[in-house]
Amino acid sequence: MTVTVRLYASLPDKLAQRGGQRVQAGSKLDLELPDASCLVDLLSLLRLRREEVLTAFVNGRQRDLDHILAPGDEVGFFPPIAGG
């Protein structure tokens, strides 16, 4: 199945550092996953660790990382952001 992913803030840099495709923050990546994959499987494909992602959205709704994906889903990952 194909899903669309958007990585925000520092996540595109982490993807590139680990040998992945270099993308702009917020730009679309279309990825192929086996049927019944969950968000954790998608993180693994992207070589991102669970602790690097604070929030995941699927089709505009916040979801837990064990959420099962469906073909055509649009996923957004956001890292923890520190500030002051």
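User: Why does Glu51 count as exposed?

Analyst: The class comes from relative accessible area: under 20% is buried, over 50% is exposed and anything in between is partly exposed, computed with a 1.4 Å probe on protein chains only. Glu51 has 55% relative accessibility, so the residue counts as exposed. Please keep in mind that this is a predicted model, where local features need pLDDT of at least 70, side-chain atom pairs count only at pLDDT 80 or more, and totals for chains, interfaces and linings use all residues. Residues are numbered from 1 along each chain as its sequence is written, and side-chain values use heavy atoms, with hydrogens and water left out.

User: What makes the contact of Glu51 and Arg49 a salt bridge?

Analyst: The rule asks for a side-chain nitrogen of Lys or Arg within 4 Å of a carboxyl oxygen of Asp or Glu. For Glu51 and Arg49 the N to O distance is 2.9 Å, so the pair meets the rule. Arg49 itself is partly exposed, because its relative accessibility is 44%. Arg49 also meets Glu52 in a salt bridge, at 3.3 Å from N to O. Salt bridges with shared partners join Lys14, Arg18, Arg49, Glu51 and Glu52 into one network. By this rule, the count comes to four salt bridges.

User: How do you know that Lys14 and Glu52 form a salt bridge?

Analyst: Their closest N and O atoms are 3.9 Å apart, so the pair falls within the cut-off. The partners sit in distant parts of the chain, 38 residues apart: Lys14 in helix α1 and Glu52 in the loop between α2 and β3. These element names follow DSSP runs numbered from the N terminus, with helices (H or I) of at least four residues and strands (E) of at least two. Glu52, at 6% relative accessible area, is buried, whereas Lys14, at 25%, is partly exposed.

User: Why is the ring pair of Tyr8 and Phe78 called stacked?

Analyst: Rings of Phe, Tyr and Trp (its six-membered ring) pair if their centres lie within 6.5 Å; planes under 30 degrees apart are stacked, over 60 edge-to-face and the rest tilted. Here the centres are 4.3 Å apart and the planes lie at 5 degrees, so the pair is stacked. Tyr8 is in the loop between β1 and α1 and Phe78 in strand β5, so the pair ties together parts that are 70 residues apart in sequence.

User: And what makes Phe57 and Phe78 an edge-to-face pair?

Analyst: Their centres are 5.8 Å apart and their planes stand at 80 degrees, so this pair is edge-to-face. Phe57 belongs to strand β3 and Phe78 to strand β5, so the pair ties together parts that are 21 residues apart in sequence. Together, ring pairs link Tyr8, Phe57 and Phe78 into a cluster. Phe57 is partly exposed at 28% relative accessibility, and Phe78 is partly exposed at 29%.

User: How do you know which side of α2 the buried residues are on?

Analyst: Helix α2 (residues 39–46) has Leu39, Leu42, Leu43 and Leu46 as its buried residues. They cover an arc of only 100 degrees around the axis, which puts them on the same side of α2; the arc is that of the directions from the helix axis to the C-beta atoms. An α-helix has 3.6 residues a turn, so residues three or four places apart point the same way.
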